[in-house]
Each structure stands twice: as structure tokens, then as C-alpha cells.
Amino acid sequence: MNATAGTGRLVKLALRREKTLAPWWILLLCTMALVMLAYIKRNMPTPEAMQTYFKLINGNTFLRSLGGSYVVPDVGFMAAWRSGGFLYVLSGLAAVMIVVRHTRADEDTGRTELLRAGQIGRSAALSTALLVAGGASLAGGVLPALVLIATGLDPVGSITYGAAMTAAGWVFAAVAAVAAQLARTARTARAISLAVLGGAYILRYAGDASEQYWMKYLSPIGWSHLVVPYSGNHWEMLAVSLAVAACLSALAYWLVGNRDLGEGLLPERQGHERAPGLHGPISLSWRLNRGLLIKWAVAIGVFAAAAGSLTNLIAGTDTPPSFAKQLVEGFGGKPGATYLDNGLWAFTMIFAYVIALYPVLMIQRLRADETSGRTEALQATPVTRLRWAAGHLVVAGLGTAALLAIAGLVCGTVFSQVAGQPSDILRLLAATMGTLPAAWLTGAICLFAYGLIPRAAIAISWIAWIATVVLGRIAGPLYGLWGGTPVEPFHYIPNTVAGAPFDAMPAIVMLTLSALLLGGGLLALRRRDFG
């Protein structure tokens with residue numbers, strides 16, 4: 001039988017499964033491209049304003065490294081420079097999720113084995129995943145390009161920009177295809193792929209921040225940046241991305257032909273014969289989730305160190321008065337706060353919004369354990385479903401607090417060494433820990449949804465976190481909301497870094513709401529059918 005036999009039928013099946021997921025990724029790419037363009041037009045409406053920002057960005061390493069290059073005073077270039085770093089990563093992330101979902105995840109659930117009982121070749125699932133992910137990446141590049149052309153931007157630059165997004169998706173689809181052959185589980189395959197994606201972004205960012213630009217040539221994300229849409233339009237860098245994607249895809253096909261179905265090429269680590277430390281649901285949750293927490297802690301520590309080392313670059317920024325005024329008013333600092341203070345607060349909020357994803361993922365693991373049958377087997381022991389869920393909640397809550405503490409301590413320590421002000425360690429630690437009630441509230445919303453409507457819990461969890469970020473103080477300025485919106489919990493956290501007085505009332509209200517949501521979610525979990 002041909003190794004790719006049945007690919008057409010599997011593609012039709014995959015498209016039916018993706019119809020509720022892939023369109024949202026594509027819509028997000030189009031929306032963010034338009035949001036960034038509107039941001040540029042709103043904040044740089046005249047040639048004089050454009051020149052002001054042009055000089056500001058090119059004269060500051062920190063600001064310049066955010067977009068990945070020196071800027072030119074052109075609306076299209078500035079929009080692509082402002083959004084490219086995010087959209088290239090987003091395109092790669094979508095491709096990773098699609099490929100793993102239709103390869104290793106299907107093997108984990110036994111779906112691939114069932115399909116292989118028919119006229120389906122060994123490589124059909126891999127071909128399907130690459131075709132669907134490649135098509136989604138292509139649509140995620142073509143549609144934003146068409147939308148940008150419709151707004152009046154240069155057609156060649158817009159097509160180049162869309163091609164750079166597509167190229168990033170194709171490269172990381174191939175990365176995920178290789179990871180799916182190496183790993184034994186979908187969770188490990190995603191971890192490998194996302195580690196490569198994160199490493200590529202760090203390498204690109206480090207190259208721009210340190211002005212060691214050779215590092216960008218080693219990063220798949222850097223290759224898309226080096227295309228330089230609306231200015232250089234270097235199509236030869238797209239050829240590099242395509243060549244690497246083709247080579248990795250060929251490697252994935254070779255690997256899939258040299259392993260058994262359901263197995264990975266990387267050996268699984270054997271567990272201990274005994275587990276004397278397992279005394280209850282909390283120790284069980286810790287044992288199951290400590291790997292995830294350690295990975296998060298390492299990633300947060302690395303980014304916090306980078307943020308602390310770069311904040312000194314903000315201090316010398318000659319900020320336009322109107323922009324500085326908007327920052328102070330939007331972030332809630334005292335009128336005399338410096339641009340550096342608000343820059344430190346911006347980093348604090350970025351860490352808070354990112355770390356708020358950790359409890360969301362922990363709640364989603366409850367649903368995954370329930371649907372896999374692992375929790376049902378556990379209930380044959382004296383551990384009830386409420387004790388099991390409570391154990392995960394304790395680990396999720398303490399883990400969130402630990403990650404925020406790591407962010408504050410590492411960023412504060414590095415910055416204090418750079419700025420020579422040891423007192424900044426406690427100031428930044430207090431600021432990050434002050435966001436903990438808001439992060440817990442985000443997780444509590446997810447637990448309530450899991451207990452009440454489990455089938456929609458994962459979708460609701462993602463919507464809750466994404467809405468919190470999109471409506472928050474960091475993303476809000478992109479579309480004119482400098483203070484964010486009052487419907488997300490982080491809006492009520494006082495900017496103590498920039499001198500705002502600490503107010504305990506918002507924290508008390510959020511903790512009370514969290515307790516009510518957790519109680520309601522656990523009660524619903526106890527009453528509903530399990531599984």
C-alpha cells in the first residue's frame with residue numbers, strides 16, 4: 001500500500017475538525033494586523049509625528065529590539081515592524097498546535113490506529129497534518145495581506161509581509177512534525193515544539209538587543225524579520241525558511257517510517273518502583289505537575305533576567321511629553337512618576353498577564369485527566385473527586401504565587417545590579433505579588449466553568465484568559481485604551497512601582513470572588529456526572 005494512501009479522506013476529516021478552531025487563528029492574525037495599523041495611524045498622524053517616533057525608536061536599543069530592526073518613516077513599515085514580532089510567533093504557534101493535534105495526539109487517543117485499520121497509509125496522518133497546517137498558515141498570510149492592501153498599503157510590501165507570516169507557520173509545522181515522531185506523547189511533542197519556538201524568539205530578540213545581528217540568522221523567527229516587508233522585501237530569506245521546512249518535513253517522513261505506531265523515538269524515562277512521597281492528592285498533583293512548573297519557572301526566570309537587564313535602556317529615552325502623559329495616566333502612577341517607573345510597571349504587568357495562563361492550563365489538566373479515565377481509576381481509592389480537584393487547586397495556586405515571586409525577584413535583582421539600587425528588589429517583588437489575586441481570579445473562573453459545563457470548559461478558559469489580555473493595560477493602548485478596561489481583574493491592581501498608594505480593597509474583593517467561584521465550581525463538580 002502507498003504510504004500516503006487515504007490522505008485525501010483524512011484531510012476532509014481534519015478540515016471538519018478544524019472548522020471551529022483554525023478560522024479563529026486566521027481571524028486573530030487579520031485583526032492584529034489591522035489593530036497595529038490603526039495604532040500607527042492614530043499615534044503618528046502627521047509626518048512630523050512620524051519623524052519624532054522614527055528618531056525615538058532608532059535612538060533606543062530597547063525600543064528598536066521590540067520590532068527587530070531600525071525603522072523608516074513609512075506607515076506600512078511601521079505597522080509591520082510593530083506587529084511582526086507577535087504575528088510571526090502566533091503563526092508558528094497555530095501550526096504547531098494543528099500538526100500535533102492530527103499526529104501524536106490522535107495516536108495517543110487511538111484514533112490513528114482505528115483509521116489505519118482501513119485503507120490508510122503509514123504516512124497519511126503526517127501528510128494530512130502538514131497539508132492542513134500549511135493551508136492554515138497560507139490563509140493566515142494571504143488574508144492579512146489582502147486586508148492591508150485594501151486599506152491602501154503598498155501591495156508588494158503587504159504580500160511580502162503575508163508571505164513572512166506564512167513562512168513562519170510552515171517552518172514550525174515541520175518542527176512539530178519532527179517532534180511528533182520523537183516524542184511518546186502529545187504533551188511532550190508540544191513541549192519540544194514550543195521550546196524551539198520560544199528559543200527562536202529569544203535568539204532573535206537577543207540578537208537585536210545586543211546588536212549581535214548574526215544571531216537572527218540562526219532563528220526561524222529571525223528569518224521572517226529579515227524579510228523586512230515594505231522596505232527591503234528580501235524574498236531570499238523566505239527561500240531559507242522554505243528550504244528548512246522542506247528538510248524538516250523530509251526528516252519527519254523518514255522518522256515515521258522507522259518507528260512503531262504509538263511509540264516515539266526518544267525513550268521514555270522509567271518511573272521509580274515505589275513512591276513513598278505520595279501521601280494524598282496534593283502530593284499526587286505536585287508529582288504530576290512539577291515538570292510543568294519547573295519549565296515555567298525557568299522560562300519566567302530567563303525573561304525576567306532579560307527584562308531587568310534591558311530596563312536601563314528605557315531610562316535614557318527622550319519620551320515625547322504626550323506619550324509620557326498617556327503612560328502615567330493609563331498605568332495609574334502618580335503624576336511625577338518617571339518613564340522608567342512606568343516601564344518597570346509595564347514589565348510587571350506583562351509577567352502578570354503571562355503567568356495568569358498557568359492556573360488556566362492547570363484547570364485544563366483536570367478536564368484532560370477526567371476524559372482520559374485516569375481520574376476514574378483514582379477514585380477506586382479513598383481519594384474523592386473533590387479531594388483530587390482540591391489537590392490540583394493548591395498546587396496551581398501556590399505555583400502561580402511562586403512564578404510571580406520568581407519574576408519579581410529575578411527582574412528586581414538584575415535591575416538593581418544594573419541601576420545600582422538594591423531597594424528595587426523589594427519594590428518589584430511587591431508589585432508582582434500584588435497581581436496574585438487577579439491571577440487567582442482568572443483561574444477561579446476556569447474552575448467554575450469546568451465544574452458547571454465541562455464540555456465547554458477548555459474553550460471558556462481560553463476565552464477568559466485571552467479576553468483578560470486583550471482588554472488589559474498592555475494590549476489596550478494598541479487601540480487607544482491606555483488604561484485598559486474595567487472588565488478584567490488586573491485593571492484594579494495599583495501601580496505601586498510608579499508611586500500609586502496600595503489599596504487592599506481590590507485584592508479583598510478579588511479573593512472573595514475567587515473563593516465563591518471555587519466553591520461553586522467544586523459543588524457543581526460534586527453533583528454532576530463524572531467523565
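Helix 22 covers residues 504-527, and its 24 residues at 1.5 Å each should span 34 Å, which agrees with the 35 Å between its end C-alpha atoms. The expected span is 1.5 Å times one less than the number of residues. Helices here are DSSP runs (H or I, at least four residues), numbered from the N terminus. This is a predicted model, in which local features need pLDDT of at least 70 and side-chain atom pairs count only at pLDDT 80 or more, while totals for chains, interfaces and linings use all residues. Residues are numbered from 1 along each chain as its sequence is written, and side-chain values use heavy atoms, with hydrogens and water left out.

**Helix 22**

- Which residues of helix 22 are buried? They are Pro-506, Ala-507, Met-510, Ser-514, Gly-521, Ala-524 and Leu-525. Buried means under 20% relative accessible area, exposed over 50%, and partly exposed in between (1.4 Å probe, protein chains only).
- At the start of helix 22, the backbone nitrogen of Met-505 has a side-chain oxygen of Asp-503 within 3.1 Å.

**Salt bridges**

- The whole structure holds six salt bridges, each defined as a side-chain nitrogen of Lys or Arg within 4 Å of a carboxyl oxygen of Asp or Glu.
- Glu-370 pairs with Arg-528 in a salt bridge of 2.9 Å, N to O. Arg-528 lies in the segment after helix 22 and Glu-370 in helix 16, so this pair ties together parts that are 158 residues apart in sequence. Both Arg-528 and Glu-370 are buried.
- Glu-370 also forms a salt bridge with Arg-367, with the closest N and O atoms 3.5 Å apart. Both residues sit in helix 16 (residues 357-372), three residues apart, or about one turn of the helix. An α-helix has 3.6 residues a turn, so residues three or four places apart point the same way. Arg-367 is buried, as is Glu-370.
- Arg-101 and Glu-18 form another salt bridge, their closest N and O atoms being 2.9 Å apart. Distant parts of the chain are linked by this pair: Arg-101 belongs to helix 5 (residues 75-102) and Glu-18 to helix 1 (residues 7-18), 83 residues apart.
- Are the two partners buried or exposed? Arg-101 counts as partly exposed because its relative accessibility is 21%, whereas Glu-18, at 3%, counts as buried.
- A network of salt bridges links Arg-17, Asp-106 and Arg-111.

**The second largest pocket**

- The volume of the second largest pocket is about 200 Å³. On a 1 Å grid over the protein atoms alone, a pocket is an open set of points where a 1.4 Å probe fits, with protein on both sides within 12 Å along at least five of seven lines; lining residues have an atom within 4 Å of a point. Grid points are joined across faces, edges and corners, and the volume is the space filled by probe spheres set on the points.
- Helix 8 (124-150), helix 9 (155-182) and helix 12 (235-256) are the elements giving two or more residues to the lining. Helix 8 gives the most, with five residues.
- Among the lining residues are Ser-127, Leu-130, Trp-170, Leu-242 and Ser-249. The lining has eight nonpolar residues, four polar and no charged.

**The loop between helix 11 and helix 12**

- Val-228 has a positive phi of about 50° although it is not a glycine, and it is found in the loop between helix 11 (220-225) and helix 12.
- Tyr-230, also not a glycine, has a positive phi of about 70° and lies in the loop between helix 11 and helix 12. With a relative accessible area of 12%, Tyr-230 is buried.

Terms used. Ala, Val, Leu, Ile, Met, Phe, Trp, Tyr, Cys and Pro count as nonpolar, Asp, Glu, Lys and Arg as charged, and the others, Gly among them, as polar. A polar contact is a pair of N or O atoms within 3.5 Å; within protein, one must be able to donate a hydrogen and the other to accept it, and residues adjacent in sequence count only if both atoms are side-chain atoms.
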